[in-house]
Amino acid sequence: MKNLWGSRFQKQMDQMVEEFNASITFDIALYKQDIRGSIAHAKMLSKMNHLTEEELEQILTGLKKIEKKIEEGVLTFTYEDEDIHMAVESQLIKEIGDVGRKLHTARSRNDQVILDVRLYLKEEMEELFSIIQVLLKTLMEKAESHKEMLMPGFTHLQHAQPVTVGFHLMAYFQQFKRDLERLMDCYKRTDYNPLGACALAGTTIPIDRAYTADLLGFQAVTENAMDTVADRDFIVEFMSVSSLFMAHLSRLSEEFILWNAQEFSFIEIDDGFCTGSSIMPQKKNPDIPELIRGKTGRVYGHLLGLLTVLKGLPMAFNKDFQEDKEALFDTVKTVKTSAVIFSQMLENTTFKEEHIKKHMDKGFLAATDLAEYLVTQGVPFRTSHELVGAIVKYCEKTGETLMTLKDEVLPDIDSRLQGIVLPDLSSSACIHRRSSFGGTSPADVMRQIEKGKEVLEWS
Ligand code: ARG
């Protein structure tokens with residue numbers, strides 16, 4: 001008999017089928033969680049008198065030995081081992097003999113695999129919380145030191161109104177802050193102990209699921225065994241939060257790529273995050289934000305892939321679920337590395353104030369300010385919008401800007417402008433006037449940053 005389930009079979013799998021069926025090449029990544037789960041399960045079995053103290057000791061020693069051997073690379077598995085759960089159990093039997101055959105009492109690979117994934121994902125999410133907090137902190141610090149640095153604000157990628165670099169960065173801060181909130185919410189639904197659901201319907205053997213929950217650090221136990229082994233929605237949720245996070249990171253990456261282009265020249269990305277060209281000696285390309293933008297695609301792909309795997313699956317466990325793992329591992333790796341690298345790149349990016357300034361005279365950025373100023377002089381907004389439109393048309397014809405325009409010419413543009421004295425329409429004056437709650441004024445950006453600091457306390 002080759003495998004632990006082999007007695008019912010007359011024939012063995014051929015090698016290609018065996019390889020196709022096996023998950024050991026990738027679920028080996030779950031060996032720590034698998035052993036941790038087995039330790040808790042064995043302790044519970046002993047508490048419920050299914051194992052003697054001595055048997056428990058033998059099992060625990062055996063499991064710890066296996067963990068050490070895997071860690072040291074002394075123990076490697078082959079396709080024959082099928083998956084991490086079978087591999088550890090077979091090895092345990094090899095190490096300690098027949099006592100090892102008791103470990104799988106009141107347990108199935110179906111609850112075991114989802115236990116491993118929940119333990120894994122909880123750890124990874126905890127790490128991700130702090131990675132995103134670092135990104136948020138980096139954004140706040142950059143925003144604070146750039147809260148007065150002017151830049152054009154865009155709509156439709158056209159100059160719209162003056163803003164500051166700090167304000168622009170704090171827009172992203174809010175998006176990532178919500179991503180962190182969503183991730184923390186997903187954590188709550190991951191934090192349930194599936195162990196004891198067994199194959200699909202629970203067990204006839206007396207067990208204590210609350211005890212294993214306690215040992216493994218779960219806040220509660222899942223309610224329905226069938227749901228427990230068939231539920232992958234916490235993974236879908238994680239992938240969906242990850243997709244949105246990557247969407248936000250990709251948008252910021254896209255802006256970095258644009259700002260780095262000669263046509264904008266708003267930023268200088270540190271050499272450590274760029275590459276050269278094999279043929280064009282002058283080139284310095286923003287490969288890192290491009291790659292982050294590109295990797296967003298694979299994260300979306302994993303989400304859609306898993307949703308498609310789930311669609312139409314009858315209750316309860318189906319082998320299709322095995323397809324969740326590589327997608328999940330790759331999502332975790334992609335999100336983590338993208339976030340860490342982006343934070344480092346952001347910290348090492350210089351905003352080129354002198355270059356950005358050159359753009360501030362283009363596109364009549366202060367037009368809305370002027371329209372709002374006329375409102376304060378008693379002109380109804382719709383009329384002032386019309387009047388400023390005429391002023392802009394005049395300036396376009398004469399090649400002037402709102403800054404160079406003289407009060408004297410206003411009545412020639414429209415007689416209703418008689419007696420108007422133009423206010424300070426410099427971008428700096430504009431941003432300081434935008435002091436409404438949530439606006440671009442440095443004072444409000446500072447308020448946003450102060451309020452934002454609360455995320456650093458979250459855990
Ligand atoms: N290797 C499987 C997976 O990754 C878990 C095992 C459950 N398999 C089974 N045939 N009941 O999902």
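This is a predicted model: local features need pLDDT of at least 70, side-chain atom pairs count only at pLDDT 80 or more; totals for chains, interfaces and linings use all residues.
Me: Which residues of the largest nonpolar core touch the most other members?
Reply: Leu-370 is one of them, along with Ile-132, Leu-135, Leu-139 and Phe-173. The core holds 107 residues. Its largest share, 15 residues, is supplied by helix H6, which spans residues 109-145.

Me: How many helices and strands does the chain have?
Reply: There are 18 helices and six strands. The radius of gyration is 31 Å, while the globule rule gives 23 Å for 459 residues, so the chain is more spread out than a compact globule. Along the principal axes, the C-alpha atoms fill a box of roughly 100 × 55 × 40 Å.

Me: What share of the residues is buried?
Reply: Buried residues account for 38% of the 459 in the chain. As for contacts between residues at least 6 apart in sequence, 74% of them join residues at least 24 apart.

Me: Is Val-241 buried or exposed?
Reply: A residue counts as buried if 20 or more other C-beta atoms lie within 10 Å of its own. Val-241 has 25 such atoms within 10 Å, so it is buried. This residue is found in helix H10, residues 233-260.

Me: What is Val-241 in contact with, leaving aside its neighbours within four places in sequence?
Reply: Its contacts are Asp-179, Arg-182, Leu-183 and Cys-186. Val-241 can also be compared with Leu-180: the two are 61 residues apart in sequence, and 8.7 Å separates their C-alpha atoms in space.

Me: How are two packed helices described?
Reply: The description uses the angle between their axes and the distance between the axes. Here, helix H3 (residues 31-47) and helix H4 (residues 53-71) have axes that come within 10 Å and cross at roughly 175°. An angle over 145 degrees counts as roughly antiparallel, so H3 is roughly antiparallel to H4.

Me: Which residues of H3 and H4 meet?
Reply: On the H3 side they include Ile-35, Ile-39 and Ala-42, and on the H4 side they include Leu-56, Leu-60 and Leu-63. Lys-32 and Lys-43 of H3 also take part, as do Glu-53 and Glu-67 of H4. Sorted by class, the contact of H3 with H4 has ten nonpolar, two polar and four charged residues.

Me: Where do Glu-82 and His-156 lie?
Reply: Glu-82 is in the loop between H4 and helix H5 (84-96). His-156 is in the loop between strand E1 (150-155) and strand E2 (158-164). Glu-82 counts as buried because 23 C-beta neighbours are inside 10 Å. A residue with 12 or fewer counts as exposed, and His-156 is exposed, with 6 other C-beta atoms within 10 Å.

Me: Which form do most peptide bonds take, cis or trans?
Reply: Most peptide bonds are trans. The bond from Met-315 to Ala-316 is cis, with omega near 0°. Ala-316 sits in the loop between helix H11 (287-310) and helix H12 (324-347).

Definitions and conventions. Residues are numbered from 1 along each chain as its sequence is written. Helices (H or I, at least four residues) and strands (E, at least two) are DSSP runs, numbered from the N terminus. Two residues are in contact if their C-beta atoms, placed from the backbone, lie within 7 Å. The radius of gyration is taken over C-alpha atoms; the globule rule is 2.2 Å times the number of residues to the power 0.38. A nonpolar core is a set of buried Ala, Val, Leu, Ile, Met, Phe, Trp, Tyr and Cys residues joined through C-beta atoms within 7 Å. Axes are lines fitted to C-alpha atoms, for helices over the stretch in contact, and angles run from 0 to 180 degrees between N-to-C directions. Angles under 35 degrees count as roughly parallel, over 145 as roughly antiparallel, 65 to 115 as roughly perpendicular and the rest as oblique. Ala, Val, Leu, Ile, Met, Phe, Trp, Tyr, Cys and Pro count as nonpolar, Asp, Glu, Lys and Arg as charged, and the others, Gly among them, as polar.
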